[in-house]
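User: Can you walk me through this chain? I'll ask as I go.
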Amino acid sequence: MALNFQQRSSVFLRRVLLIAFLVASVALITVYAREAEDGPLHTMQSSVAGAFAPLKFVGAAANAGVNSAGQSLENLTADESTLSGLRESNAELRELLAQADEYKQEAQRLQQLLKLKDEYDIEGVGARVIGNPDQAWDQSVTIDKGSADGVQTGLTVMGTSGVIGQVFEVSEHTSRVRLLTDSNSGAAAMVQSSRAEGIVRGSLEGLLYLEDLDADAVVNPGDVVVTSGLGGSYTRGLIIGRVVKVDASQGDATRRVVVSPNDTTGTLEEVLVVFGVGADGEDDTDTTDGGGDAA
């Protein structure tokens, strides 16, 4: 009897609580609908939403991580044909980048030749170096222009920095150029600032020496050396290089000056064969800045 009474009391209590909850809910809904945005129920709702916002963020991040992991797993399980295609595409891109870099460097070299051509008002023809010497002591190169292009023996040849040599052998479509650094080469030259004259000769070690200077000639490191045109072997007034060392002092009977060469066989790729120079392209041309950048 006592147990039955307790069960009835428990059922009655649950019913009372349910009715009270429903009445309270209806009352809260009514108050929420009638109060302003800054009312107590609206404020409480915003606080609760803010408290649970981080949980939403964590859930979104976890979902993104699952998606990323799924994509990574899919990439790892890609078949061999897909991976092979990616490798081929990567190799093609590397090749294109290398070609673009070559074109860029070539354009820069041609721009330097064009700059010299305009600076000295040169009439001539551009050529590409197609052959280097087989022996270390041979300082000559082969170019892809010959008699069919107007090239003749004895013509001056310039690189991107200035005079580099002279044509000594010509065929119909190719020519050979002996560089100034060759031990058999020689060019009448002068120091631009002091007008001191001498002969620039090559050497087996690939250096240029300005020799046969007068004892009282004024020569200092950094001076520009240009072709003098004496003897007609080289076009007059073109930059050969700069003085880098003076072996003896002014007044000594024997003096040897080391001159920096413009280019070597290993760096030459394009050259300019000089047919003639305009009236303003004489030794009076100031090469202190223009030619100095390339020397």
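Analyst: A definition to start with: two strands pair if DSSP finds at least two bridges between them. Strands (E, at least two residues) and helices (H or I, at least four) are DSSP runs numbered from the N terminus. This is a predicted model, where local features need pLDDT of at least 70 and side-chain atom pairs count only at pLDDT 80 or more, while totals for chains, interfaces and linings use all residues. Residues are numbered from 1 along each chain as its sequence is written, and side-chain values use heavy atoms, with hydrogens and water left out.

User: Ok. Which residue is the bridge partner of Met190 in strand 7?
Analyst: Glu197 is the bridge partner of Met190. Strand 6 and strand 7 (residues 197–201) are antiparallel, with five bridges.

User: What sits between strand 6 and strand 7?
Analyst: Five residues; the two strands form a hairpin. Arg195 in the turn has a positive phi of about 65°.

User: Is strand 6 mostly buried or exposed?
Analyst: Mostly covered: five of the six residues in strand 6 (residues 186–191) are buried, meaning under 20% relative accessible area with a 1.4 Å probe, protein chains only. Strand 6 also runs antiparallel to strand 9 (residues 224–227), joined by three bridges. There, Ala189 stands opposite Thr227.

User: Switching topic. How many strands are in the closed barrel, and in what order?
Analyst: Six, in the order 1-2-5-4-3-12, with antiparallel pairing. Neighbouring strands of this sheet are turned by 45° against each other on average, direction ignored; the axes are lines fitted to C-alpha atoms, and angles run from 0 to 180 degrees between N-to-C directions.

User: Which residues make up strands 4 and 5?
Analyst: Strand 4 covers residues 163–170 and strand 5 residues 175–179, paired antiparallel over five bridges. Val170 stands opposite Ser175 in strand 5.

User: And what does the side chain of Gln166 reach?
Analyst: Gln166, in strand 4, reaches the backbone oxygen of Gly154 at 3.1 Å with its side chain. Leaving out residues up to four places away in sequence, Gln166 touches, among others, Leu155, Val157, Arg176, Val177 and Tyr234. Contact means heavy atoms within 4.5 Å.

User: Now the whole chain. How many helices and strands?
Analyst: Three helices and twelve strands. Of the 295 residues, 32% count as buried. Among contacts with a separation of 6 or more, 59% come from residues 24 or more positions apart.

Conventions:
A polar contact is a pair of N or O atoms within 3.5 Å; within protein, one must be able to donate a hydrogen and the other to accept it, and residues adjacent in sequence count only if both atoms are side-chain atoms. Buried means under 20% relative accessible area, exposed over 50%, partly exposed in between (1.4 Å probe, protein chains only).
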